[in-house]
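Please examine the sequence and the model shown here. The briefing is grouped by topic.

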Amino acid sequence: MLGAMTVFQNIQRGLIPARLTVEEVYALTESGVLRESERFELIDGEIVPMAAAKANWHSIMEARLIRALRGLPDTVDLYPGASITLAPRLLLEPDLAVLPRGAMIRDVRGADLLLVIEVSDSSLSYDLRVKAPLYAAHGVREYWVVDAVRQTIRVHRAPAGGSYTNVAEYEAHDPVTASLLPGISVRLDSLD
């Protein structure tokens, strides 16, 4: 593993290492090489840029979901856009993540997450084909992909062997309850 200073010096010379670790990404951010406002994920040590601007449908749905999840119990916190470390070379940034209250974001791993939500419009294929297997492989117990355009929720549960064994899609009029958060239910057609 390269030290943060070595990585910084290599970037200054135009040399970017083939693979970075999450710790190197944090060090590069703290040193100012990467801006905190930059949107990217780290997958297998490679920086994968995310869309700089979210589409209108995406932003509307994300805001509605945040309002709908205001009723979470006092034992948990909702984090929009949190950077979640799943492995030394895997840093994902879900749209919404629910964690036990007091959990330190940098220390959270897959099984610690109570619910991960991705809001999709143009990223639907990426969220289902790339991110779902990564979340499953690292023990994220419940992963929702909310299609902001079609108004559906694809719920992934029971991770095993790098995939989810229980996947169901719900229409806008169907109530969807988070299995690890009893009493928390979302119906897309009733969100305001």
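Predicted model: local features only at pLDDT ≥ 70, side-chain atom pairs only at ≥ 80, totals over all residues.

Residues are numbered from 1 along each chain as its sequence is written, and side-chain values use heavy atoms, with hydrogens and water left out.

**Overall make-up**

- The chain holds 4 helices and 12 strands, where helices (H or I, at least four residues) and strands (E, at least two) are DSSP runs numbered from the N terminus.
- Of the 192 residues in the chain, 42% are buried; buried means under 20% relative accessible area, exposed over 50%, and partly exposed in between (1.4 Å probe, protein chains only).
- Among contacts (heavy atoms within 4.5 Å) between residues at least 6 apart in sequence, 49% join residues at least 24 apart.

**The largest cavity**

- A cavity is a set of points, on a 1 Å grid over the protein atoms alone, where a 1.4 Å probe fits but cannot get out.
- Grid points are joined across faces, edges and corners, and a volume is the space filled by probe spheres set on the points.
- By this rule, the count is 1 cavity of 30 Å³ or more, and the largest cavity has about 40 Å³ of space.
- Its lining residues (those with an atom within 4 Å of a point) are L124, L128, V145, D147, R150, T152, I153, R154 and E169.
- The elements giving two or more residues to this lining are α4 (124-137), β8 (142-147) and β9 (152-160), and β9 gives the most, with 3 residues.
- By class, the lining of the largest cavity divides into 4 nonpolar, 1 polar and 4 charged residues; Ala, Val, Leu, Ile, Met, Phe, Trp, Tyr, Cys and Pro count as nonpolar, Asp, Glu, Lys and Arg as charged, and the others, Gly among them, as polar.

**Helix α3**

- Helix α3 (residues 56-68) has 13 residues and reaches 18 Å from its first C-alpha to its last, close to the 18 Å expected at 1.5 Å a residue; the expected span is 1.5 Å times one less than the number of residues.
- H58, M61, E62 and L65 are the buried residues of α3.
- Seen down the axis of α3, these buried residues fall within an arc of 100°, so they line one face of the helix; the arc is that of the directions from the helix axis to the C-beta atoms.
- The cover over the buried residues of α3 includes β3 (76-80), β6 (96-100), β7 (115-120), β8 and β12 (185-186).

**Buried charged residues in helices**

- K131 is in helix α4 and is buried, with a relative accessible area of 1%.
- Not counting residues up to four places away in sequence, K131 touches E41, L92, E93, E118, Y126 and Y143.
- E24 is in helix α2 (residues 22-30) and counts as buried at 4% relative accessibility.
- The C-alpha atoms of E24 and G45 are separated by 9.8 Å, with the two residues 21 apart along the chain.

**Positive phi values**

- Q151, in the loop between β8 and β9, has a phi near 60°, a positive value in a residue other than glycine.
- A158, in strand β9, also has a positive phi, near 60°.
- With a relative accessible area of 36%, A158 is partly exposed.

How values were computed:
1 Å grid on protein atoms, 1.4 Å probe; cavity = no way out; pocket = protein on both sides within 12 Å on 5 of 7 lines; lining within 4 Å.
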